[in-house]
Amino acid sequence: MANPKVQKLVLKGLMALPAPILRALSGGAPVTVGGRTLDPQFQLMAWAARKQGPISAAAPAQVRAAAAAGFALAQGRLEPGTVCEDLVIPTAQGDLPARSYRPARQDPQAPLMVWLHQGGGVIGDLETGHAFCSILASATRGPVLSIDYRLAPEHKFPAAFDDALAAFRWGRDHADRFGAPKGCAALGGDSMGGHLTAVVTQALKRAGEAQPVLQLLCYPAVEADSHTQSMSTYADAYPLTKATMDWFMAHYVDPATAAADDVRLSPLHATDLKGLAPAIVVTAGFDPLTDQGEAYAHRLLEAGSPTVFRRYDSLSHGFLSFTGAVRAADVAAREIAGFVRQGYDGLLPAAARASHL
């Protein structure tokens, strides 16, 4: 088995090559789909992954191991000065592993951000968003609490939702442990974590509880049975395909006990989005989910929630875990973290708009 450090050095060397060479190594021409052109570094990674078998042919344990190795290879380093602490959060369903990130120069007024990782509800752990959580803590000068919620198929829906809701409540009520104001917290996540952010925020409203200070949804899945244009245009995109989405859902949900239009599975179907937290919604251009994320952002805007929407046209789904391999992903991650800081400072209403980058 190849040494991970050597693999990372090789990848770094390849990614430093000029864009024309990267494209020459990965097919010879830019990849343009639906009027969008894929970033050349992502193009090389997609080309390199073409020989891998489909996820649908693998068991969850195999996919978890492969994904963990891939994330470790593509992620950036921890931000300088960031202090991490592994801990356990007690919930009614059992103890949840978690990890806190505190920046070198913490702002005592900055709220705690509870972070939920990507992975379709089947893969992912505390390492999945490790680099981005440190970027988020550093840029916002506030603490981040990453949650390792239960995964399917061992723990099917609504286990991840229950864990995410319990973790947010715990973080909110114990934020002072991390040097943040007690009694409030922000909530965010990418992909499945973005989905959980949406459904937890809605659940808090239904329960009559205060909203998060801010909600950050990065390329979220917000409709379980989606038939948008992007689901077909980018059905074979890297690294998330429609077939992979179907594989995730088949493991995550028991159709005998859950309906696709349940708002805890499809928060886009909620009839009333008024009163939800200010939002930052981010999507990737090369992603089957891009249309549904944008639709949710517009619904939040229509409901009166201050919302900033960004679509990064040249990037692929999951780009927050590629900050060490794709320069544009690292730039986007830092911009998103900057938006969060603006949100903490109450600047989102003035900036509320939809933009595509």
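In the classification of lining residues used here, Ala, Val, Leu, Ile, Met, Phe, Trp, Tyr, Cys and Pro count as nonpolar, Asp, Glu, Lys and Arg as charged, and the others, Gly among them, as polar. The structure described is a predicted model.

On this classification, the lining of the second largest pocket comprises seven nonpolar, five polar and six charged residues. The pocket has a volume of about 370 Å³. Its lining consists of 18 residues, and those nearest the centre of the pocket are K8, K12, Q75, R77 and G324. Helix α1, which spans residues 4-15, and helix α11 each supply at least two lining residues. The largest share of the lining, six residues, is contributed by α1.

Rolling a probe the size of a water molecule over the atoms shows where empty space is left. Across the whole structure, one cavity of 30 Å³ or more is found. The volume of the largest cavity is about 30 Å³. The residues W115, H117, Q118, T128, G129, F132, D190, L320 and S321 line this cavity. Three of these lining residues are nonpolar, five are polar and one is charged.

In the pair formed by F42 and F322, the ring centres are 4.9 Å apart and the planes meet at 55°, so the pair is tilted. F42 belongs to helix α3 (residues 40-48), whereas F322 lies in the loop between β10 (307-316) and α11 (327-344); the pair therefore ties together parts that are 280 residues apart in sequence. Both F42 and F322 are buried. A further aromatic pair, Y312 with F319, is edge-to-face, with a centre-to-centre distance of 5.6 Å and an angle of 70° between the planes. Y312 and F319 are likewise both buried. F42 and F322 also belong, together with Y238, to one aromatic cluster. Elsewhere, R50 is placed over the face of W47, at 3.9 Å from the ring centre.

P239 lies in the loop between α8 (229-233) and α9 (242-252). A cis peptide bond is likewise present between A152 and P153, where omega is about 5°. The loop that holds P153 runs between β6 (144-147) and α6.

Positive phi values were found in residues other than glycine. R141, which is not a glycine, has a positive phi of about 60°. This residue is located in the loop between α5 (130-140) and β6. The relative accessible area of R141 is 31%, so R141 is partly exposed. For Y219, also a residue other than glycine, phi is positive and near 35°. Y219 is situated in the loop between β8 (215-218) and α8. With a relative accessible area of 1%, Y219 falls under the 20% limit and is therefore buried.

Two further loop positions were characterised. S26 occupies the loop between α2 (19-25) and β1 (32-33). Its relative accessible area is 7%, so S26 is buried. A polar atom of the S26 side chain lies 2.7 Å from the backbone oxygen of L22. G179 is placed in the loop between α6 (159-173) and β7 (185-190). A relative accessible area of 25% means that G179 is partly exposed. G179 and G94 are separated by 85 residues in sequence, and the distance between their C-alpha atoms is 25 Å.

Technical notes:
Residues numbered from 1 in each chain as written. Predicted model: local features only at pLDDT ≥ 70, side-chain atom pairs only at ≥ 80, totals over all residues. Heavy atoms only, no water. Phe/Tyr/Trp six-rings, centres within 6.5 Å; stacked < 30°, edge-to-face > 60°. Helix = DSSP H or I, 4+ residues; strand = E, 2+ residues; numbered from the N terminus. Buried < 20%, exposed > 50% of the residue type's maximum accessible area, 1.4 Å probe, protein only. Lys NZ or Arg CZ within 6 Å of the ring centre and 35° of its normal. 1 Å grid on protein atoms, 1.4 Å probe; cavity = no way out; pocket = protein on both sides within 12 Å on 5 of 7 lines; lining within 4 Å. Points joined across faces, edges and corners; volume = space filled by probe spheres on them. Polar contact = N/O pair within 3.5 Å; in protein donor to acceptor, adjacent residues only side chain to side chain.
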